[in-house]
Amino acid sequence: MKLALLATGGTIAGVGTAARYTAARLGVESLLDAVPQLTELCAWHTEQVFALDSRDLTPAHWVQLATRCQVLLDTSGIDGIIITHGTDTLEETAYALSLLLKAHKPVVLTAAMRPATDPQADGPANLLQATHESLTALPGVRVAVHGEVIAGEKVCKQHTQTIHAFAADETPRPAAHIPLTSDAELPRVDLIHAFSGLAPDVVAHAVAAGARGLVIAAAGDGSLPAALLPALRSAHEAGVAVVRCSRVPHGGVSRDRNADDSAEGWIPAGRLPPLKARIALLLALAAGLDPAGTFARLSGDPI
Ligand code: SIN
């Protein structure tokens with residue numbers, strides 16, 4: 001079997017100690033060389049797609065990576081793809097790939113919390129785990145880290161330091177592929193996290209800066225502060241898609257419960273958490289899809 005190893009940077013390619021290091025310093029061949037068993041298990045095709053700390057990735061990087069992955073998935077001599085990635089925004093890339101790819105082969109992301117030169121580096125074991133996971137030939141996007149395998153659409157980082165940093169959230173499995181061409185224009189979509197005393201002018205600033213979509217991570221059951229409503233109505237009238245979700249991790253947000261979504265034109269995010277709702281909205285707008293229809297297919301029934 002032959003796997004493609006696509007490196008994008010992150011701590012797994014970092015140099016230094018866990019307390020102080022620089023991410024994305026080592027190249028893809030160094031990652032492979034660090035685990036001698038890898039070349040005994042299968043043949044490899046390697047590519048250095050990016051060399052970035054994942055905090056610096058943008059939606060354009062997701063699309064570039066997805067475009068390259070789809071070419072490799074559709075190549076007959078490649079049986080699966082492993083992507084090494086920084087842990088910080090791994091959940092965003094994994095969700096974007098879940099929506100963008102027709103993954104009829106394994107696409108397994110892996111990462112590390114400690115840099116490659118740390119005496120207790122976790123990257124080599126994670127890369128070996130990702131290889132075993134890819135060799136199962138099970139199709140789909142998923143994350144293999146620290147002995148766990150988490151669906152790409154559900155993964156979320158939950159700890160800033162421990163190596164057991166990832167868990168699955170309630171995000172539903174995507175019911176739809178979002179078809180996007182590599183040259184699609186990617187709109188600005190902003191995420192506004194509500195808090196007591198949030199000044200409503202943040203909405204007007206986002207719209208004036210060119211946002212074509214807004215995701216409001218509201219309190220409780222997606223409860224929009226009264227002070228925000230005029231600004232959100234103006235944004236909607238200006239053609240900006242407004243998605244209503246919750247900063248609370250469980251339960252989701254239902255249509256017309258706790259807000260007049262149908263009358264106002266807000267889109268309830270269902271069980272999509274804020275970060276993932278932003279990705280779904282951004283990619284739907286980029287693909288020219290109706291955002292409300294896309295959320296109806298992606299968001300799942302709130303619990
Ligand atoms: C990054 O996300 O690129 C740096 C942090 C990490 O990988 O843990």
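Predicted model: local features only at pLDDT ≥ 70, side-chain atom pairs only at ≥ 80, totals over all residues.
Colleague: Where does T84 lie, and is T84 buried or exposed?

Modeller: Helices (H or I, at least four residues) and strands (E, at least two) are DSSP runs, numbered from the N terminus, and T84 lies in strand β5, residues 80-84. Buried means under 20% relative accessible area, exposed over 50%, and partly exposed in between, with a 1.4 Å probe and protein chains only; T84 counts as buried because its relative accessibility is 0%. Contact means heavy atoms within 4.5 Å, and, leaving aside neighbours within four places in sequence, T84 is in contact with residues including L5, L6, I12, L31, T110 and L127.

Colleague: Which residue stands opposite T84 in β6, and how many bridges join β5 to β6?

Modeller: Two strands pair if DSSP finds at least two bridges between them; β5 and β6 run parallel and are joined by 4 bridges, with T84 opposite T110 in β6. The chain crosses from β5 through α4 to β6 in a right-handed β-α-β crossover, where right-handed means that, with the strands pointing away from the viewer, the path from the first strand over the helix to the second runs clockwise.

Colleague: How should I read the side chains of β6?

Modeller: In a regular strand the side chains alternate between the two faces of the sheet. In β6, P106, V108 and T110 point one way and V107 and L109 the other way, and all are buried; because 5 of the 5 residues of β6 are buried, this strand is largely enclosed by the rest of the structure. P106 itself has a relative accessible area of 1%, and its C-alpha atom is separated by 4.8 Å from that of G80, 26 residues apart along the chain.

Colleague: Which strand is joined to β6 by 4 bridges and spans residues 140-145?

Modeller: That is β7, which runs parallel to β6, and V107 stands opposite V141 in β7. Here β6, helix α5 (residues 123-135) and β7 make a left-handed β-α-β unit.

Colleague: Which residues surround the ligand?

Modeller: A residue is near a molecule or strand if one of its heavy atoms lies within 4 Å of it, and the ligand is surrounded by G10, T11, Y21, D53, S54, G86, T87, D88 and A112. A polar contact is a pair of N or O atoms within 3.5 Å; within protein, one must be able to donate a hydrogen and the other to accept it, and residues adjacent in sequence count only if both atoms are side-chain atoms. An oxygen atom of the ligand is 3.2 Å from an N or O atom in the side chain of D53, an oxygen atom is 2.4 Å from an N or O atom in the side chain of T87, and an oxygen atom is 3.4 Å from a polar backbone atom of A112. The protein covers 96% of the 250 Å² of accessible area that the ligand has on its own, as found by the Shrake-Rupley method with a 1.4 Å probe, in which, for residues, only the protein chains shown count as cover.

Methods
Residues numbered from 1 in each chain as written. Heavy atoms only, no water.
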